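Okay, thanks for coming, everyone. Let me put the model up and then I'll walk you through it.

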Amino acid sequence: NNSCLFAALAYALEGGAASAQAKAPQLRELVAAAVRDGSAAGDDRYSEVMLGRPPDEYAAWILDAEHWGGATELDILSRHYATELCAIDVMSGRVDCFGQGAGHAQRAMLLYDGIHYDLLVRTLFDGAPEELDVTLFRPDDARALEQAKLVAAEARRNRTFTDTASFTLRCLVCQRGLKGQAEAVEHAQATGHANFSEYR
């Protein structure tokens, strides 16, 4: 669903798999409040220029479960949880660490495939129950980051990513075929349609 980022971070930071989906809306609320409060305080990170829309509109937009999060949400949640949040892009291999250098004592890592975030965990042994998943690492744990990069590299070799510039979508409202994220956004703005499915 479109709450994958929030559910993944709730899994790591709010009590594991059992509560992840239930806690995802609360993380959205944290982000919306941070945008509104930061904007009111004059913080440039929450200006219309940075958000791509007026702050109050952005706050309402991110509360809608149909919308997914990205860099703004990772930045806000990194500060809220005092945790480095590293997103590894499968297609490019780029690692974006939010909160890096802020002195946080822990790090969570996410794999981003172009449209979906998955939390990277370390399992202690084959068949280990989810509640034993290691979801947080020390920021200086170079081995954990290298292992995460290897997972991303394997996903890239297996082509398990979505190139948002050239993927093909179908509007499930009017059945129009679209190519890339830019066309989908343009279509959504022109028609109000927001329900798309990828096809190959």
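I'd like to start at glutamate 84. Leaving aside neighbours within four places in sequence, glutamate 84 is in contact with Ser78, Phe98, Gly99, Gln100, Gly101, His104, Gln106, Arg107, Ala108 and Pro139. Contact here means heavy atoms within 4.5 Å.

Before going on, some housekeeping. This is a predicted model, so to speak of local features we need pLDDT of at least 70, side-chain atom pairs count only at pLDDT 80 or more, and totals for chains, interfaces and linings use all residues. Residues are numbered from 1 along each chain as its sequence is written, and side-chain values use heavy atoms, with hydrogens and water left out.

Back to glutamate 84, which sits in strand E1. Helices (H or I, at least four residues) and strands (E, at least two) are DSSP runs, numbered from the N terminus. Is glutamate 84 buried or exposed? Glutamate 84 counts as buried, at 5% relative accessibility. The cut-offs: buried is under 20% relative accessible area, exposed is over 50%, and partly exposed is in between, with a 1.4 Å probe and protein chains only. And which side chain makes a polar contact with glutamate 84? That's arginine 107, at 2.8 Å. By polar contact I mean a pair of N or O atoms within 3.5 Å; within protein, one must be able to donate a hydrogen and the other to accept it, and residues adjacent in sequence count only if both atoms are side-chain atoms.

Not counting residues up to four places away in sequence, threonine 83 touches Leu13, Ser78, Phe98, His104, Gln106, Arg107, Ala108 and Leu136.

Alanine 82 is in that loop between H5 and E1 as well. Alanine 82 has a positive phi of about 50° although it is not a glycine. For context, most residues other than glycine have a negative phi. Alanine 82 counts as partly exposed, at 38% relative accessibility.

Now the sheet around E1. Four strands form an open sheet, in the order E2-E1-E3-E4, and the pairing is mixed. Two strands pair if DSSP finds at least two bridges between them. Strand E2 (95-98) and strand E4 (117-120) are at the edges with a single partner strand each, so one side of each has no neighbour in the sheet. Neighbouring strands are turned by 25° against each other on average, direction ignored. Axes, by the way, are lines fitted to C-alpha atoms, for helices over the stretch in contact, and angles run from 0 to 180 degrees between N-to-C directions.

E1 (residues 84-89) and E2 run antiparallel, joined by four bridges, and isoleucine 88 stands opposite valine 95 in E2. Helix H1 (residues 4-13) packs on this sheet, touching E1, strand E3 (107-112) and E4, and its direction makes about 15° with that of E4. Helix H5 (residues 71-81) lies across E1, E2, E3 and E4, running at about 155° to E1.

E3 and E4 pair in the antiparallel sense over four bridges, with aspartate 118 as the bridge partner of leucine 111. Their hairpin has four residues between the strands, and there glycine 114 takes a positive phi near 105°.

Next, a helix pair. The axes of H2 (residues 17-40) and H4 (residues 55-63) come within 8 Å and cross at roughly 180°. They are therefore roughly antiparallel, a label for angles over 145 degrees, with under 35 roughly parallel, 65 to 115 roughly perpendicular and the rest oblique.

Last stop, the other sheet. This one is open with three strands, order E6-E5-E7, and antiparallel pairing. Strand E6 (177-179) and strand E7 (196-199) stand at the edges, each with a single partner strand, so one side of each is left without a neighbour in the sheet. The twist averages 35° from one strand to the next. Three bridges join E5 (residues 168-171) to E6, and arginine 170 stands opposite glycine 177. Helix H7 (residues 180-191) packs on the sheet, touching E5, E6 and E7.

In the loop between E5 and E6 you'll find glutamine 175, with a positive phi near 70°. Glutamine 175 counts as partly exposed, at 43% relative accessibility.
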